[in-house]
Each structure stands twice: as structure tokens, then as C-alpha cells.
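Please look over the two chains and the surface that they share. A short report follows the display.

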Amino acid sequence: MNLAIRSQLLKGILEGCILAIISKESIYGYELAMKLQSQGIDVSEGSIYPILLRLQKEELIKGKMKKSPHGPNRKYYHLTDQGKTALTEFKTQWNGLKTPVDQLLKGEE
Amino acid sequence: MDASVLIEQNNQKRKLLNEENKKVYEEMLLYVRLFFNKSEQESEEILMELLDHLLDAQGEGKSAKEVFGDDPRQYANEIIGELPKMITPKRVKVGLMAIFYFLAVTTFLNGVVHSILYFGFGKGDQEKIYYIGTLALEAITSIIIVFVAMYAIFAYLKWSCFKDINKVLESVLFGFCFGALPFGLFLTMFIIMPDFGMSVQIPVYWLIGISIVFYVLATYFKKTS
């Protein structure tokens, strides 16, 4: 697949996953990267930060400096109301896409 | 948290990085900061987040390459692409600040040098004639030369980030392009510039007073930006 298309596709999905994780609890960058990896989503850790910046610019998430239980201040992210709406939209789109694509791919084998 | 506080914290925390990670991180830090048209606050916030992340990763034995990928320049470009631009009123004020600092320094040096020459060594005149038109044109030309030189330095630094470059060659090139060349241009300008416009005759030490006015203006723009 064309690299640009593939990365666009990945970015969109990654954005959705990040919104989903942040919707459950407010979380800081490193924790978020670990959560993604433990879910088996294999992206380089740093790649979340450009996405976090974009989501902040679109006002889907907000960061707040807070003391973390161990050590320094961290920027914890939480979802805004717009972010919640965007997550719902992502879920609908994903569900609408997932089944047909799965079926299509099954038929290929 | 204020950008200046973040910068100070960053300086302290960075010491905790190991050699290899520090090298990669500091290149990235320099590179991101070179994009001075981006919001400083947001730039420093993300730089601090990346540092915290790298420190956590280092604690688990991971390297900067594993965190930022194999191409740190490309990664930094992605980050910079998402950073908001500095707002326009602030840009104008930062520009004016730079201009007035430059005028303050040059007027101050001029005043001091001429005063010392006259009062200390009896050389030159106590009063000098200045032509307003000439002065204005010289000031504008100087500012343009300085801005072009600064722009060139920034462009060069951006290009040289993440590259191993021969330091000796670099300083020779730097000295020529950003020292000798602008200096030569200044000199040529002062020699060929004709006298025109209204003339004023002022004692040379007045220049020191004028430079203080420029300095106060520059400080004002710095504080309000």
C-alpha cells in the first residue's frame, strides 16, 4: 500500500484509540504509550505526541499539569465534550467499517 | 507553567539523561527551539513532555531511538508541524524588541567610543553632525543586514541539526558568513552613504542617552510581548 495512505489510515485509527483510552481515565503521555503497547498496538512510543498535539489543537482533549504519585509534575490529559462526541463518531465509523472489511478479507482467503 | 520556568526545569532534568539519549534529545531540543515563530509556551511544554517520557523510557533501559524512531529529524518535524504559531501581535512586539535592542547597542557603542576618544584622548570632535535622512537609511539598511544574517544563521542551524559536522570548518564558515561578511557590508554602507536630509549637531555623549531610550523601548516590548 502507498505509504502515505497507510500512515493516514493508521493515524486516524490511532487517534480513535487514544481518545478511547483517555475517555476511561485521565492519563499522561508515558502511561498512554504503555497502555497502547499492552493492547498490542505496535507503534513507536513517540508517535503519540504529534497526535496529542493535534487533538489538543482540535480541542478534543485538554492537558493539565498535575503532581503524579511518584515523582515530577506530569501533563494529564482528559477528554473535552467535543472529544466525547468525536469518540462516539469514531466508534460508529469503526463499527461500520470493521464488519464489511472483515467479511471482504475472509472471502479473499 | 511559564515557559521560562519550563526551560529552567528542562536544564536541570536533562542532566539525568545518559550520554546517548542526551545527544539525541539535545539535538531535538535545539531544532524545535530554532522554530521561533512557533508558540514558545507550547514548544516548551511538549519538549518537557518528551523529556519526561525519555527519562521514563531510559529507566526501563530503552534508548532515544526506540522512543523517537530511527529518524529524529523527521519526528521533530512532525511535532513542529502540529505546534501552533506564535500569535501576530506577539510577533510584531518580538520584532520591535529585537530592532530596539539592536539600535540601543549600536548607539551605545558609538556614544561610548566617541566619548572615550574625545574626552580620554582628545581625538575627534565633541560634537558631531548627523544627517537625519542618512541616519534613517543607515538604520534601516543595518536592520535588514542583521535580519538577513540572523535568518541565515537559523537556516544553517536547522540544516545542521542531527548531522555530524566538522566543528573547525563550521566555525570558520560561521565566522565568515555571519561575522566578516555583515561587517564588510556595514563598513561599505557607511562609506558610500551620501549625506542628506536635515542635519543636527549633538555632543557625542548624547548618544548614550539616546541608547537608553532605545533600551527602555526594547524592554517595554519584551515585557508586553
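The report below takes up chain A and then the interface.

This is a predicted model, in which local features need pLDDT of at least 70, side-chain atom pairs count only at pLDDT 80 or more, and totals for chains, interfaces and linings use all residues. Residues are numbered from 1 along each chain as its sequence is written, and side-chain values use heavy atoms, with hydrogens and water left out.

Chain A has four helices and three strands (DSSP runs, H or I of at least four residues for helices and E of at least two for strands), and from the N terminus on their order is α-β-α-α-β-β-α. Of its 109 residues, 38% count as buried, that is, under 20% relative accessible area with a 1.4 Å probe and protein chains only.

The interface of chain B and chain A can be summarised as follows.

| Item | Value |
|---|---|
| Residues of chain B in contact with chain A (heavy atoms within 4.5 Å) | 21 residues |
| Residues of chain A in contact with chain B | 20 residues |
| Area buried between the chains (accessible area lost, 1.4 Å probe, summed over both) | about 1900 Å² |
| Salt bridges (Lys or Arg side-chain nitrogen within 4 Å of an Asp or Glu carboxyl oxygen) | five |

Of the buried area, 53% lies on carbon and sulfur atoms; in chain B, Glu49(B), His53(B) and Glu82(B) lose the most area to chain A, together 34% of what that side buries. Glu82(B) also joins Lys57(A) through a side-chain salt bridge, at 3.6 Å from N to O. On the side of chain B that touches chain A, α3(B) gives the largest share, eight residues.

Key. Chains lettered and ligands numbered in written order. Buried area = accessible area lost by both parts, 1.4 Å probe. Buried < 20%, exposed > 50% of the residue type's maximum accessible area, 1.4 Å probe, protein only.
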